[in-house]
Amino acid sequence: MNTVVEPLTVLEPSSSAALGRLQAVRAHDYARSRNHLEGAVTRLSPYITHGVFTLPQVLDSVQAAERARDSKGRALAPDHKFINELAWREYFHHVWQHEGKGIFASLHEGPMPESTYARVLPDDIRQARTGVPVIDEAVRELYTTGYLHNHARMWMASYVVHLRKVHWRAGADWMYGHLLDGDLASNHLTWQWVAGTGSHKPYLFNAGNVEKFAPSAWHSRGSVVDASYEALEDIARSGKRLERPGRAPEGAGIEEPALLQRPPFELPTARAGDLDGAWLVHPWNLRAPDAAQGPVVGVFAAAFHSRWAWSERRWRWALALMREHTDRIVWCEGTPPPSARTVADPHLRAWLLPGQGEPVPRLFADPGRRCRSFSQFWTRVQEAR
Ligand SMILES: Cc1cc2nc3c(=O)[nH]c(=O)nc-3n(C[C@H](O)[C@H](O)[C@H](O)COP(=O)(O)OP(=O)(O)OC[C@H]3O[C@@H](n4cnc5c(N)ncnc54)[C@H](O)[C@@H]3O)c2cc1C
């Protein structure tokens, strides 16, 4: 079996690489081609998740570039596809803000009762040995780069939940750990959207859909996904589970990288007083602190990682960016003192004191009441502009 070999360079952990990606965004090309695996997607998500850029910074930069490129100096229209996609991220955080821990359980019943679904992700999926090329390719790419195109994530989640009858939560936890951009709201709520526990129908795809949007190595004719939508719908809405649904696996599988609750590098443990009055750079605000923030300390919070393990790649990725902005980095086993300040990212909600820290900058005004769907959220935030 192959093991994952050394690190990616495509999503380099540096603010200059992040800036290069931001400057490379072509919003009109994006709108035309974003569903294709080789389309003009931005690959900004690891930088956004880790707070290298806030969403308003991303949009301001893209709008300035569009105005400069447009012969009449026009910016993107407020309902442009690129802005709409950024809004999805903000919508999932809106739902998280209202539901709290509720996002980790099904928001409502899906196509089948919860007891239909297994709670453990099978090894042939984890090891890219299903024999369904689209799935095996996606698993390999996830492990070797820490990134997956949105369409590949949707295919993977749909296969896991509807064809293999594995509970969305098992798939979401696994994928979260391996992604460089793993974001609990975007990840777990999108798995729910695919599963039909956060939307009103299961998301399904077939071999024809893969052929239209993916390179040939992913094409999956002759496997279980080479079926009509009616047949797939029938499987999704029945107790049928496909144990060995692919063609015979062609290549060797791939070893799943370990997921680690502690950093794979040495860090001093924070002692009493270390964080007093400090500005904390944590994995969700990996950007230069504003001037005059006082002492700056990089910090990884044990309380978060004891619950949510990361791949070695992600630990090292976050560390490299943290080092750009801090001279001192610590592992924090307790909670930060009230005098420490930071950005109150929701991933650290349970670690920070209530009200401690600055809010995460948002693209849109808070719509107040919980929106029941993305379209309701999108309508409300557009009206409020
Ligand atoms: C099963 C599944 C799991 C996912 N898990 C995550 C996750 O852990 N972290 C994460 O950031 N996104 C997640 N997404 C959403 C989406 O797939 C990624 O944000 C996107 O693929 C990242 O690549 P990109 O930066 O090239 O995106 P682009 O298509 O270039 O989009 C630009 C930015 O818009 C936002 N965005 C675009 N599409 C979505 C979307 N559907 N939902 C939320 N935000 C979006 C992201 O911030 C993204 O960086 C998931 C989607 C699915 C289907």
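Lys 165 is placed in the loop between H8 and H9, where helices (H or I, at least four residues) and strands (E, at least two) are DSSP runs numbered from the N terminus. The model is predicted, so that local features need pLDDT of at least 70 and side-chain atom pairs count only at pLDDT 80 or more, whereas totals for chains, interfaces and linings use all residues. Residues are numbered from 1 along each chain as its sequence is written. The phi of Lys 165 is near 55 degrees, a positive value in a residue other than glycine. Most residues other than glycine have a negative phi. Lys 165 counts as partly exposed because 19 other C-beta atoms lie within 10 Å; a residue is buried if 20 or more other C-beta atoms lie within 10 Å of its own, exposed if 12 or fewer, and partly exposed in between, with C-beta atoms placed from the backbone.

A positive phi near 55 degrees is also found at Ala 128, again a residue other than glycine. Ala 128 belongs to the loop between H6 and H7. Ala 128 is buried, because 27 other C-beta atoms lie within 10 Å.

Helix H7 comprises residues 133-145, 13 residues in total, and reaches 18 Å from its first C-alpha to its last, close to the 18 Å expected at 1.5 Å a residue. The expected span of a helix is taken as 1.5 Å times one less than its number of residues. The buried residues of H7 are Pro 133, Val 134, Ile 135, Asp 136, Glu 137, Ala 138, Val 139, Leu 142 and Tyr 143. Their cover includes helix H6 (123-126), helix H8 (150-163), H9 and helix H11 (207-213). Gly 146, with a positive phi near 80 degrees, follows H7.

Apart from neighbours within four places in sequence, Val 134 is in contact with Trp 155, Val 210, Ala 214, Trp 218, Ser 220 and Val 225, contact being defined by C-beta atoms, placed from the backbone, that lie within 7 Å.

Val 225, one of these partners, lies in the loop between H11 and helix H12 (229-236). Val 225 is buried, because 25 other C-beta atoms lie within 10 Å. Ala 207 is 18 residues from Val 225 in sequence, with a C-alpha to C-alpha separation of 5.4 Å. When residues up to four places away in sequence are not counted, those touched by Val 225 include Val 132, Tyr 159, Phe 205 and Asn 206.

The domain bounds, which come from an automatic or database domain assignment, divide the protein into domain 1 (1-257 + 354-385) and domain 2 (260-348). The C-alpha centres of the two domains lie 26 Å apart. Their contact takes 22 residues from domain 1 and 25 residues from domain 2. On the side of domain 1 that touches domain 2, helix H5 (81-99) and helix H9 (168-178) each supply at least two residues. The residues of this side comprise ten nonpolar, eleven polar and one charged; Ala, Val, Leu, Ile, Met, Phe, Trp, Tyr, Cys and Pro count as nonpolar, Asp, Glu, Lys and Arg as charged, and the others, Gly among them, as polar.

The ligand is surrounded by 29 residues, the closest being Thr 42, Ser 45, Arg 89, Asn 150 and Asn 187; a residue is near a molecule if its C-beta atom, placed from the backbone, lies within 6 Å of it. Two or more residues of this shell come from each of helix H3 (45-49), H5, H8, H9 and helix H10 (184-195). The shell divides into 13 nonpolar, nine polar and seven charged residues.

In H10, twelve of twelve residues are buried, among them Asn 187, His 188 and Trp 191. The cover of these buried residues includes H5, H8 and H9. The end C-alpha atoms of H10 are 16 Å apart, which agrees with the 16 Å that its twelve residues should span at 1.5 Å a residue. H10 is followed by Gly 196, with a positive phi near 90 degrees.

Conventions:
Contact = placed C-beta atoms within 7 Å.
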